[in-house]
Amino acid sequence: MRGGPGAVLVVPAVAVCWLAPAVLSAWGIFALRDHGLAPAAAVGFGVIVLGWLVGVVRLLKNDAGRTAVALFCLLAAWIILVVSGLNVQDQRLLHERGVVSDGEVVRTTVTSDPMAGQGPAVTAVDVRLADGTTVRGIGTRGDHPALGDRLRVTVDPRGTVAPRLGPRPDAVDWTVPVLLLVVMAGCALVAGAAVDEL
């Protein structure tokens, strides 16, 4: 990049132009899902990834290799952020608004996977809570409850997050999302530094 009075500001400015839409789109996906619009969030995720890949391919065809590689790495970090962020969001929502109840297992779902060498095991249960309602299809996550067992269940009253066995989860550890944002910022800066290719 050639020097000039405003050259020093070009790299961070371009980096912000790459990074801001990425962060805002991730926030939008989480917001849609939080408001019960998971299908719209999934469609948005697919459209963004497809559009991003098309842009990277076009950059490669135009000999903008450094920019394309930087933006591909930014896309990879963004995908990891969104996918891992869904688990973080689930944990945060259940921690903040999850309702904990005790109940009794009234039905078990037993599955097996002979190809993977896994014999029959309980993979989901229906639990009747103290108020008489039944929460269906709760994943056991490796536990093996039986009919009549007393279990503790955490339920999202809005239904955004699937019910889970056990108490309300701990507060979220933000280390991984923050590290991914740092990686994304670094990729955006590299893309900004290669702006002379465009």
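Predicted model: local features only at pLDDT ≥ 70, side-chain atom pairs only at ≥ 80, totals over all residues.

How are helix 3 and helix 4 oriented relative to each other, roughly parallel or roughly antiparallel?

A: Helix 3 and helix 4 cross at roughly 165°, with axes that come within 8 Å. Because an angle over 145 degrees counts as roughly antiparallel, helix 3 and helix 4 are roughly antiparallel to each other. In handedness, the crossing of helix 3 past helix 4 is left-handed.

The place of these two helices in the chain is clear from the order of elements. The protein holds four helices and five strands, and along the sequence they follow the pattern α-α-α-β-β-β-β-β-α. Helix 3 covers residues 65-97, and helix 4 covers residues 175-193. Of the 198 residues in the protein, 32% are buried.

Helix 3 also packs against helix 2, which spans residues 38-61. The angle between helix 2 and helix 3 is about 165°, and their axes lie 8 Å apart. Helix 2 and helix 3 are therefore roughly antiparallel to each other as well, and their crossing is left-handed.

Gly 55 belongs to helix 2 and is partly exposed, with a relative accessible area of 27%. The C-alpha atoms of Gly 55 and Phe 72 are 9.5 Å apart in space, while the two residues are 17 apart in sequence. Gly 28 is found in helix 1, which runs over residues 7-34. With a relative accessible area of 21%, Gly 28 is partly exposed. Between the C-alpha atoms of Gly 28 and Ala 41 the separation is 7.8 Å, and these residues are 13 apart along the chain.

Together with Trp 174 and Val 182, Val 178 forms a nonpolar patch on the surface. The accessible area of Trp 174, Val 178 and Val 182 together is about 300 Å².

The side chains of Arg 97 and Asp 156 meet at 2.8 Å, N to O. This pair links distant parts of the chain, since Arg 97 is in helix 3 and Asp 156 is in the loop between strand 4 (150-155) and strand 5 (164-165), 59 residues apart. Arg 97 and Asp 156 are both buried.

The count of salt bridges in the model comes to six. Another of them joins Asp 102 and Arg 152, at 2.9 Å from N to O. This pair too links distant parts of the chain: Asp 102 is in strand 1 (residues 99-113) and Arg 152 is in strand 4, 50 residues apart. Asp 102 counts as partly exposed at 35% relative accessibility, and Arg 152 likewise counts as partly exposed, at 43%.

A further salt bridge is formed by the side chains of Arg 136 and Asp 126, at 3.4 Å from N to O. Here Arg 136 sits in strand 3 (residues 134-139) and Asp 126 in strand 2 (residues 118-129), ten residues apart. Arg 136 has 61% relative accessibility and counts as exposed, whereas Asp 126, at 4%, counts as buried.

Glu 104 and Arg 128 are 24 residues apart in sequence, and their C-alpha atoms are 5.3 Å apart in space.

To return to the part requested, helix 3 is roughly antiparallel to helix 4 and also roughly antiparallel to helix 2. Arg 97 of helix 3 is paired with Asp 156 in the loop between strand 4 and strand 5.

Notes
Residues numbered from 1 in each chain as written. Heavy atoms only, no water. Patch = residues over 30% accessible without salt bridge, like charges linked within 9 Å, V, L, I, M, F, W, Y side chains within 5 Å. Areas by Shrake-Rupley, 256 points an atom, 1.4 Å probe, with all protein chains shown as cover. Salt bridge = Lys/Arg side-chain N within 4 Å of Asp/Glu carboxyl O. Axes fitted to C-alpha atoms, helices over the stretch in contact; angles between N-to-C directions. Parallel < 35°, antiparallel > 145°, perpendicular 65-115°, else oblique. Left-handed = near helix turned anticlockwise from the far one by under 90°. Buried < 20%, exposed > 50% of the residue type's maximum accessible area, 1.4 Å probe, protein only.
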